[in-house]
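Hello,

Here is the model for your files. My notes follow below it.

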Amino acid sequence: MSALSRLTVTETRLFLREPIVVFFAVAFAPILLIVLGLIPSMREPVPELGGLRMIDIYLPIVVSMGIALFSLSGLSQLFASYREKGVLRRLRTTPVRPVVLIGAQLLMATIMSVLTMLVILAIGRLAFDVRLPGQLTAYLIAYLLVALAMFAIGLLVAALAPSSKSASAIGSLVFFPLIFFAGLWLPREAMSGTLRTISDLTPLGAGVQSLQDATAGQWPQPLHLAVLLAWTVVAGGLAARYFRWE
Amino acid sequence: MAIIEVDGLVKRYGGHTAVDGVSFAVEPGEIFGILGPNGAGKTTTVECIEGLRRADGGSIRVCGIDAQSGDGELRQVLGAQLQESELPDKLRVGEAMELYSSFYRDPADWRELIETLHLTGKLNAPFRKLSGGQKQRLSIALALVGNPRVAVLDEVTTGLDPQARRDAWDLIERIRDRGVTILLVTHFMEEAERLCDRLAVIDAGRLVALDTPAGLVARVDGRQRVRFRPSAPLEHAVLTALPEVSSVERAGSQLVVTGTGNLLLAVTTALAREQIVAGDLRVEQTTLDDAFVALTGRRIDATNSAGSEEI
């Protein structure tokens, strides 16, 4: 097996051996969807939303929250703790290149979060009759762009945090504003003009809107795709710039 | 041709010069020791050789590869065992070996390595459940899994109990017998004396001596000490008159005679002439410890006693 696939398999195994991390990174978002869906008013059509129900609006928010949890509580801490314990230092004496190491983490993170996304879509469809994405290609592209942008931010947090404890503190600090602008407490539809403009420029705000557009059968707006790409490039570039082995 | 060539290595941290112009060359098949007290610059030196740190001056070549160039080829030929590096807690022994062997072009048979290192019974044990000695053995196995030509072992027996330490020494000799050149960092005299073909003694960032263990001892001086309890009072002059004797001291009921040449014969002959019997007679040779004191002006374990090393 190549180093990349062997690393990916190993990292996935290690990930699955941490029940608390798995709960927050993978199970929490689907559970939240179930809890929301069990509230009767969430399942009633709202005329201002063109007949959509709140649960329809929340599904992409929950999907994007799944990615955010994975990157900010899973990925960033994992990297920071590897650095703290000298795991990265040890790897540095082997022929494996950093890009392969990070590639394996991203591959694992992508596989796990795509699985989470599929679970969320399945629960939405089967339990609460939320429609599946109308424009599947657009949905997948939007999803991958959100995931890349958030993983880049997670790696940046890991690169800047001095320890794994501080990585988790910084991760939470970043998580709450991002998830606010994704619309967890106040859906984008209910945001004022200014709030919504800010939301358009955040990775999760742009991401939620893109996922919603793709669900409705349209291609996401170029602005949102550009915002997602910009976050990926800037955060990813800074993460590479500040990456430390020890 | 030397397999490791270090020439004028300098490494500074801020205003502090950790390694100050160290040069040495290691021949293929050697167990080459780097000996020195804690903080002498031993680890910094080998970390520059491993390409983990950028030197501020000098050059390093390992198998002809510039160790500072970032050439990935270095990592194929050099296996490293680091001080203070861990594996993920829940990574199992077998998984670690499988993972690390996937990094190399021509890996060793990792199952055989695990067998050699007596870890076969621990294949499914997670890293955090291993004892100190097992972790060290795994770390040696990982350093060897790439079939390196050079293995760098940094304080590999620190924190091990005496039996585990002896096992590790046997193991290191067997690794050398496989044709691997070994660079061994240590601050244990006994280890250096037992294992190393040659030693570089480093103190305060400088190379103070480079020789075989026996050569280092001989270099200090050819002095010996003879210690005994005389059966009757003895004039010191009887002994100091001998050409072999340089000094005579009284230590309790014993006399300590220091000198060179065939000291023991000279002393016992003189005593026989005086009809004095030497009780509890002992001859003490200069040790590597003495050599180290003579070279650096202090004992290697001045800060920590040999029995209770820091982990």
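Helices (H or I, at least four residues) and strands (E, at least two) are DSSP runs, numbered from the N terminus. By that rule, chain B has eleven helices and 14 strands. This is a predicted model, in which local features need pLDDT of at least 70 and side-chain atom pairs count only at pLDDT 80 or more, while totals for chains, interfaces and linings use all residues. Residues are numbered from 1 along each chain as its sequence is written, chains are lettered from A and ligands numbered from 1 in the order in which they are written, and side-chain values use heavy atoms, with hydrogens and water left out.

Chain B

Along the principal axes, the C-alpha atoms of chain B fill a box of roughly 75 × 45 × 35 Å. Of its 311 residues, 52% are buried (under 20% relative accessible area, 1.4 Å probe, protein chains only). Among contacts (heavy atoms within 4.5 Å) with a separation of 6 or more in chain B, 67% join residues 24 or more positions apart.

Interface of chains A and B

Chain A puts 24 residues into the contact and chain B 29 residues. The buried area is about 2,400 Å², and carbon and sulfur atoms give 55% of it; this is the accessible area (1.4 Å probe) that two parts lose on being put together, summed over both. Seven salt bridges are found across the interface (a side-chain nitrogen of Lys or Arg within 4 Å of a carboxyl oxygen of Asp or Glu). Asp89(B) and Lys85(A) form a salt bridge, with 3.0 Å from N to O.

Regards

Note on methods
Buried < 20%, exposed > 50% of the residue type's maximum accessible area, 1.4 Å probe, protein only.
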